[in-house]
Structure formats: structure tokens, C-alpha cells
Amino acid sequence: MTLTCELDPVLDDALREDVLALWADVTNAGGAVGFVPPVTPEDIRPTLDASLAAVAAGRRRLLVGRDEDGRVAGTVFLAFNEHRLMTHWLWLYTVMIHPRHQGRGHGRELMAATEAAARTFPGIEAIRLTCRGGTGVDTFYAGCGYKEVGRVPGAIRVAPGDDRDDIVMLLAL
């Protein structure tokens with residue numbers, strides 16, 4: 001079983017609801033994607049709407065991975081830099097694989113599709129992301145070729161008394 005990845009899918013209501021459900025499921029399973037559990041889809045909706053508005057405006061691109069049944073199994077947002085001195089690299093945001101698909105190599109497939117897509121963007125020489133320390137996801141990204149290039153200790157407050165490092169990782173293309 002592999003993912004079928006699509007860059008710039010049609011942003012219809014069905015896709016919005018599928019991504020919203022994915023985001024809630026990933027968060028509630030403990031995924032470090034901008035929220036802490038428990039969440040409902042309605043908690044996430046304003047953030048998703050802002051991300052999709054950036055896609056519609058051309059500042060971001062959406063890559064969706066679908067499982068063998070055609071269901072949304074993963075996503076990543078690729079965000080272009082607007083600062084004129086940093087347009088040669090882009091950000092990755094909200095990298096997610098549904099918990100039912102984790103451990104099957106789908107995350108690596110999604111990251112490989114993301115890298116392939118980024119290589120087609122004119123002038124893009126690198127991909128940058130941040131991740132929450134203490135989750136082990138930095139080891140996953142390292143396995144995908146990303147290198148840790150910075151760390152801000154305690155920058156992410158998950159809960160009172162639970163501060164995590166913000167880890168910056170880079171993949172040169």
C-alpha cells in the first residue's frame with residue numbers, strides 16, 4: 001500500500017472537511033501539529049481556513065496524500081517566503097499522516113513527494129521546517145535527509161511546566 005500524492009488538489013468542501021478531520025485525529029493522537037489534545041475540528045477550523053486562504057492567494061501550496069481507498073491520509077503545506085532575501089527556500093507546515101497509517105512508510109512517501117514537488121519550484125534551493133522537541137519527530141525528519149540547524153530551548157509551551165524545544169531543520173535541494 002502506498003500513498004497517492006497530489007500537489008494543488010481542488011479545494012472543495014469535501015477536501016476541507018477531510019483535512020480538518022485528519023488534523024483533529026492527528027492532534028488527538030498526540031501529534032505535534034500546532035495544537036494539544038483534546039481538540040475538536042471546530043477548534044482547528046480557523047487555522048485551516050487561514051492556511052487554505054494562503055493557498056488560494058498563492059503564498060502556500062498544499063500536497064495531499066490519499067490512501068488506497070482515496071481517503072486523505074496525509075498533508076503538508078509548503079509556504080513561500082515573502083521576504084526578498086529569503087525567496088530561495090520554503091517552509092513546510094502541518095506535516096501529518098493519519099494515525100491509522102503511521103508506521104507503514106507513508107510519512108517517508110509524503111516527505112519524498114514534498115521534496116520532489118519543491119524541486120519543481122523555480123529558484124527553490126532548500127526546505128526548512130520546525131518541529132516540537134520531545135516527540136522524536138526530529139529523528140524521523142533526519143531519516144528523510146533533514147539536518148538540525150538550530151534549536152530554541154523551551155520555546156514551545158505545551159502546558160504549564162511542559163516547555164519543549166523548537167527544533168529548526170533544513171533540507172538542501
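Everything here comes from a predicted model.

**The cores**

Let's start with the largest nonpolar core, which has 25 residues. The members that touch the most others in it are Leu78, Leu90, Leu92, Met111, Leu129, Tyr141 and Tyr146. Five elements, namely β3 (72-80), β4 (89-97), α3 (106-119), β5 (126-132) and β7 (162-172), each put in at least two residues. The top contributor is α3, with five residues.

Leaving aside residues up to four places away in sequence, Leu129 is in contact with Trp91, Leu92, Met111, Tyr141, Tyr146, Ile167, Val168 and Met169.

As background, nonpolar side chains in soluble globular proteins tend to be buried together.

**Strands around β7**

β7 pairs with β5 and also with β6 (residues 147-159). Here are the two pairings side by side:

| Strand pair | Sense | Bridges |
|---|---|---|
| β5 and β7 | antiparallel | seven bridges |
| β6 and β7 | antiparallel | eight bridges |

Glu148, in turn, has Met169 as its bridge partner in β7. β6 and β7 make a hairpin, with two residues between the strands. Gly161 sits in that turn and has a positive phi of about 85 degrees.

**Aromatic pairs**

The structure has six aromatic pairs. One of them joins Tyr141 and Tyr146, with 6.0 Å centre to centre and 65 degrees between the planes. That pair counts as edge-to-face because its planes are over 60 degrees apart.

Are these two tyrosines buried or exposed? Tyr141 has a relative accessibility of 7%, so it counts as buried. Tyr146 is at 3% relative accessibility, so it counts as buried too. Elsewhere, Trp89, Trp91 and Tyr93 form one aromatic cluster.

Back in β7, have a look at Asp166. Which side chain of opposite charge is nearest to Asp166, and how far away is it? The answer is Arg132, 8.3 Å away. Asp166 is buried and has no salt bridge, because the cut-off for one is 4 Å. Not counting residues up to four places away in sequence, the contacts of Asp166 are Thr130, Cys131, Gly150, Arg151, Val152, Ala155 and Ile156.

Terms used. Residues are numbered from 1 along each chain as its sequence is written. This is a predicted model: local features need pLDDT of at least 70, side-chain atom pairs count only at pLDDT 80 or more; totals for chains, interfaces and linings use all residues. Side-chain values use heavy atoms; hydrogens and water are left out. A nonpolar core is a set of buried Ala, Val, Leu, Ile, Met, Phe, Trp, Tyr and Cys residues joined through side-chain atoms within 4.5 Å. Buried means under 20% relative accessible area, exposed over 50%, partly exposed in between (1.4 Å probe, protein chains only). Helices (H or I, at least four residues) and strands (E, at least two) are DSSP runs, numbered from the N terminus. Contact means heavy atoms within 4.5 Å. Two strands pair if DSSP finds at least two bridges between them. Rings of Phe, Tyr and Trp (its six-membered ring) pair if their centres lie within 6.5 Å; planes under 30 degrees apart count as stacked, over 60 as edge-to-face and the rest as tilted. Lys and Arg count as positive and Asp and Glu as negative; His and the chain ends are not counted.
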